Amino acid sequence: DEIDDEALAAEVRHHGGRFRSARAAFEDPDDDNHQWQGRTERFGVETAFRYDEDGLLWLRTAGNMEDVDLFHTVAVLREIQLFGEWIPFLRQSCVVKAQDFARLLAHFTIGVRGVLSRDCVFRVAACNHALSGASLFFEGRSLDDDVTEWNGAAVPPRDRSWGMDRMVVRDFY
């Protein structure tokens with residue numbers, strides 16, 4: 001396969017900007033620009049939330065992991081089909097397409113069948129920031145509804161049955 005240097009450089013710049021934005025949001029949780037509320041900590045993991053100017057809910061989960069191998073951490077992405085073992089009400093999850101070791105497209109359905117369920121198709125990338133900041137960032141977002149193909153893979157169509165709708169993940173850091 002031939003590599004398009006210009007497209008690759010544009011993708012690296014895009015992900016770099018999003019990772020820098022995520023790092024800024026997580027390194028200074030008291031920053032008034034982010035207005036995180038309801039901070040709780042359990043088992044060394046802090047969770048908080050905020051609403052943005054559009055009224056959308058943002059969740060923040062952060063914690064320290066010590067002596068964790070980079071490859072084992074990124075492997076969590078590759079095992080999305082196992083998320084149902086530990087995420088309540090997750091009905092199905094799968095990797096639609098793995099672009100490479102650290103970038104993929106995933107699909108999941110969460111909810112109670114016949115009552116209220118949501119599915120989501122999102123792309124996610126991992127960035128090793130361990131050399132300068134001793135951290136690993138995951139970055140992603142949902143694909144737009146009109147997208148039917150992602151890097152050669154068919155995007156699962158929206159389920160339009162009763163009680164189903166598509167969940168939109170605007171940003172995932």
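Analyst: Start with strand pairing. Two strands pair if DSSP finds at least two bridges between them. Strands are DSSP runs of E with at least two residues; helices are runs of H or I with at least four, and both are numbered from the N terminus. This is a predicted model: local features need pLDDT of at least 70, side-chain atom pairs count only at pLDDT 80 or more, and totals for chains, interfaces and linings use all residues. Residues are numbered from 1 along each chain as its sequence is written, and side-chain values use heavy atoms, with hydrogens and water left out.

User: How many bridges join strand β1 to strand β2?

Analyst: Four, and the strands run antiparallel. β1 covers residues 37–42 and β2 covers residues 45–51. Gln37 stands opposite Phe49 in β2. The two strands form a hairpin with two residues between them. Phe43, in the turn, has a positive phi of about 55°.

User: How many bridges join strand β4 to β5?

Analyst: Seven, again with an antiparallel run. β4 spans residues 90–98. Gln92 faces Thr109 in β5. Here the hairpin leaves four residues between its strands.

User: And the overall order of elements?

Analyst: The protein chain has three helices and ten strands. Along the sequence the pattern reads α-β-β-β-α-β-β-β-α-β-β-β-β.

User: How do I read an aromatic pair?

Analyst: A pair of aromatic rings is described by the distance of the centres and the angle of the planes. Rings of Phe, Tyr and Trp (its six-membered ring) pair if their centres lie within 6.5 Å; planes under 30 degrees apart count as stacked, over 60 as edge-to-face and the rest as tilted. A search of the whole structure finds one such pair. The centres of the Phe108 and Phe122 rings are 5.8 Å apart and the planes stand at 70°, so the pair is edge-to-face. Phe108 lies in β5 (residues 103–112) and Phe122 in β6 (residues 116–128), so the pair ties together parts 14 residues apart in sequence.

User: Is Phe108 buried or exposed?

Analyst: Buried means under 20% relative accessible area, exposed over 50%, partly exposed in between (1.4 Å probe, protein chains only). Phe108 has 17%, so Phe108 is buried. Phe122 has 12% and is buried too. Across the protein chain, buried residues make up 30% of the 173 residues.
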